[in-house]
Amino acid sequence: MIANRRQFLAQTGGALAVSALAPSMAVAADPGPSNLAARAVPITREERLRRIAKAQRLMREQGMSALLIEPGASLVYFTGIQWWRSERLTAAIIPLEGEIGIVTPFFEESSIQESLGVPGDVRVWQEDEDPIALVAGWLRDRKLGTGRIGIEGSVRFFASDGLGRALPDATIVPGAPVVRACRMIKSPAELALMQVASDITLAAYHDVHKKVVAGMTSREVSALMTAAMRERGANPEFALVLLNDAAAYPHGSDKPQKVVEGGIVLMDCGCTVHGYQADVSRTFVFGTPSKEQRTVWEHVRRGQAIAYEAAQIGRPAGSVDDAVRGWYESIGYGPRYALPGLSHRTGHGIGLEGHEPVNLVHGETTPLAAGMCFSNEPGLYFRGKFGVRIEDCFYMAEGGPRWFSTPPTSIDDPIG
């Protein structure tokens, strides 16, 4: 659930048969426990081409001539290019038809080609040249300079504004309707990678839970978790550890924290496998739980189950949050986001990014559809005392939700 923790690196053209999907179906033979990530199958060139074709179909429906994308998850999604953002523009252009264009500095071309996973027209600019002019020229060459140019939602202002100035007869429009429609619906190959990432995260939890001892700091526990995920072949993405009263703050506290007898240990951890993310939270007590800790933990377990049961194909995503919040309020939490209670949304979309559309939050009207993936984390927080969060991710199959990781059922067996 932790925000601003994501680092950069890390629907298909045919019908998505999610109803019969087991995410593990797209992985290779299990090499053993030492490197679980070795069984993961990367996204193929053919799948990326299907993604581009779907985007082009959606662009046609939206009356869009081209789509501009900067480095980040969407660039990886469509092109495979793994790059970062700087003052030097690297960007991809998906035209209404035909192969994509790539604009990048001259001295970066060889590096860009290393991860480019689809055919593309790569054009370079020198340090004394304007990269936006190169993008505009590429569009003019394809007679797209007067059309509706979609801008992916995370593209920086200087790029979108500059393109509008360079192409005064073009109309700059949001690209989100195209990008979201593609990325929200995960393919079997994407689900399989997320399953491997989840398996690694849960295996690391089992390892670390046994190693926590009194006196450990939150950083020491976090380091154990990071190492455990790395040992299994994943890229550790985050390992947030909140101890005792710090667990009442969903994204943590700067105050020194140590493991103590009877204290809460809340861990929010995840890794990536070929860029696809896992996000799993576990809360346990070091020693013997108090009656209050047991009660709150059981309320969160039930809240998570209510969210899972409410997630059904065709229902608004926000109705999942409403179901949980309604039950919490009926037993005295809240109301709404008030504490003690659930102070954040029930869940967020997940995939190449830890947080991506859509969210399980009140008012979200997007219907749940096969292939969507979410976290399920209806935590309860008591400022000055403790918090409990149990978080597992699930994907939507035709027949309803399916877990990536199985939630624990007891505070006495808190990993699951």
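## A residue to start from

Let's begin with Asp130: its relative accessibility is 46%, so it counts as partly exposed, since that class lies between under 20% for buried and over 50% for exposed. Keep in mind that this is a predicted model.

Now turn to the strands. Strands of a sheet pair through backbone hydrogen bonds, in a parallel or an antiparallel way. Here, 6 strands make up an open sheet with mixed pairing, and their order is 4-3-2-1-5-6. Which strands are at the edges? They are strand 4 (120-125) and strand 6 (171-174), each of which pairs on one side only. On average, neighbouring strands of this sheet are turned by 25° against each other, with direction ignored.

Among the residues involved, Ile151 has Pro174 of strand 6 as its bridge partner.

Helix 1 (residues 45-62) lies across strand 1 (66-69), strand 2 (91-95), strand 3 (100-105) and strand 5. Relative to strand 2, helix 1 runs at about 65°.

Helix 1 also meets helix 6 (residues 176-183): their axes come within 9 Å and cross at roughly 140°. Helix 1 and helix 6 are therefore oblique to each other, and their crossing is right-handed. On the helix 1 side, the contact is made by Arg51, Lys54, Ala55, Leu58, Met59 and Gln62, while helix 6 brings Pro177, Val178, Ala181 and Cys182. Sorted by type, the residues of this contact are 7 nonpolar, 1 polar and 2 charged.

## Helix 7 and helix 8

A further helix pair is helix 7 (residues 188-209) and helix 8 (residues 218-231). Their axes are 9 Å apart and they pack at an angle of about 130°. How are helix 7 and helix 8 placed relative to each other? They are oblique, and they cross in a right-handed way.

From helix 7, the contact includes Ile200, Thr201, Ala204 and Tyr205. From helix 8, the residues taking part include Val221, Leu224, Met225 and Ala228. The residues of the contact between helix 7 and helix 8 divide into 9 nonpolar, 1 polar and 2 charged.

How values were computed. Residues are numbered from 1 along each chain as its sequence is written. This is a predicted model: local features need pLDDT of at least 70, side-chain atom pairs count only at pLDDT 80 or more; totals for chains, interfaces and linings use all residues. Side-chain values use heavy atoms; hydrogens and water are left out. Two strands pair if DSSP finds at least two bridges between them. Helices (H or I, at least four residues) and strands (E, at least two) are DSSP runs, numbered from the N terminus. Axes are lines fitted to C-alpha atoms, for helices over the stretch in contact, and angles run from 0 to 180 degrees between N-to-C directions. Contact means heavy atoms within 4.5 Å. Angles under 35 degrees count as roughly parallel, over 145 as roughly antiparallel, 65 to 115 as roughly perpendicular and the rest as oblique. A crossing is left-handed if the near helix is turned anticlockwise from the far one by less than a right angle, and right-handed if clockwise. Ala, Val, Leu, Ile, Met, Phe, Trp, Tyr, Cys and Pro count as nonpolar, Asp, Glu, Lys and Arg as charged, and the others, Gly among them, as polar. Buried means under 20% relative accessible area, exposed over 50%, partly exposed in between (1.4 Å probe, protein chains only).
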